[in-house]
Amino acid sequence: MRILVIGASGTIGQRLVTAFADEHDVIQAGRKGQDIELDISSVDSIKYAFQQLKKIDACICVAASGPMDVFATLTDQQLMNDFKGKLFGQVNLVLIGQHYLNASGSFTLTSGIFADVPYKGVTGGAMISGALHSFVLSAAIELPKKIRINIVSPGLVADSALEFGSLFPGLPPVPMAEVIEAYRSSVEGELNGQIIRLYGN
């Protein structure tokens, strides 16, 4: 398969590239320094990338993240700014990319644990992840050409625990091997419209 990994230089992205490269043709995308530049916050950038690549079998997005926020001072404008990348960026990947993906191709998006588990300081991130879950459920019955779509919703990934673990005390880390296997099952399997939750033990 020809697989596009967006966010390929990130913690999960790098591991995905390595995991898929043995058996598939992997195209690394990111804001810079990759096989192709793609900024998911820009509709023009998404369109340009798909027009250049064409013939993609699978699109995986692990780009962008939801920043921390302070509920007492949170505004609708701040939320809209946060939504532009991780929410609308991933939605636009599907809305635009559906016209370029090969028949029976797949999209795999990324959300996060806070769609289901309340935690202080992540209201925006929780809203983004929850909205993405709803979008995937709807898109799964709307996409043409037998294109599938799923979303991986990880908790704190073990490889990021040293850097971010102190921000989320009590949140169990998820082994990277489980995260990679979730993306693999979405791309290589037959799942459609699934929210693959990885929240640790």
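Select strand β1 (residues 2–6) and strand β2 (residues 25–30): they pair in the parallel sense over five bridges. Strands here are DSSP runs of E with at least two residues, helices are runs of H or I with at least four residues, and both are numbered from the N terminus. Two strands count as paired if DSSP finds at least two bridges between them. Within this pair, V5 stands opposite Q28 in β2.

The model is predicted, so local features need pLDDT of at least 70 and side-chain atom pairs count only at pLDDT 80 or more, while totals for chains, interfaces and linings use all residues. Residues are numbered from 1 along each chain as its sequence is written, and side-chain values use heavy atoms, with hydrogens and water left out.

**The sheet**

Now show every strand. Seven of them form an open sheet with parallel pairing, in the order β3-β2-β1-β4-β5-β6-β7. At the edges are β3 (36–37) and β7 (195–198), each of which pairs on one side only.

Move to strand β5 (residues 101–110). Eight of its 10 residues are buried, so β5 is largely enclosed by the rest of the structure. Buried means under 20% relative accessible area, exposed means over 50%, and partly exposed is in between (1.4 Å probe, protein chains only). On one pairing, strand β4 (residues 56–61) runs parallel to β5 and is joined to it by four bridges; A58 stands opposite S106 in β5. On another, β5 pairs with strand β6 (residues 148–154), again in the parallel sense, over five bridges. Select T110 and its bridge partner in β6, V152.

**The cores**

Next, colour the nonpolar cores. A nonpolar core is a set of buried Ala, Val, Leu, Ile, Met, Phe, Trp, Tyr and Cys residues joined through side-chain atoms within 4.5 Å. The largest has 37 residues, and L4, I6, L38, L109 and I149 have the most contacts inside it. Apart from it lies another core, of 22 residues, among them V174, V179, V187 and I196.

Centre on I6. Leaving aside neighbours within four places in sequence, I6 is in contact (heavy atoms within 4.5 Å) with A29, L38, I40, C59, I60, C61, V62, A63 and L93.

**Two cysteines**

A disulfide is a pair of cysteine sulfur atoms within 2.5 Å, and a search of the whole structure finds zero of them. C59 is buried, with a relative accessible area of 1%; C61 is buried too, at 0%.

**N150**

Select N150 in strand β6. Is N150 buried or exposed? N150 is buried, with a relative accessible area of 0%. The side chain of N150 makes a polar contact of 3.2 Å with the side chain of S186. A polar contact is a pair of N or O atoms within 3.5 Å; within protein, one must be able to donate a hydrogen and the other to accept it, and residues adjacent in sequence count only if both atoms are side-chain atoms. A polar atom of the N150 side chain also lies 3.3 Å from the backbone nitrogen of N192. Not counting residues up to four places away in sequence, N150 touches F107, T108, L109, V136, S186, L191, N192, G193 and Q194.

**Two loop lysines**

Go to the loop between α2 (43–53) and β4, and pick K55. K55 is not a glycine, yet has a positive phi of about 40°. K55 is exposed, with a relative accessible area of 59%.

Then pick K146, in the loop between α5 and β6. Phi of K146 is near 60°, a positive value in a residue other than glycine. K146 is exposed, with a relative accessible area of 71%.

**Last stop**

Finish at T18, in helix α1 (residues 11–21). T18 is exposed, with a relative accessible area of 57%. Draw a C-alpha to C-alpha distance from T18 to K120: the two are 102 residues apart in sequence and 34 Å apart in space.
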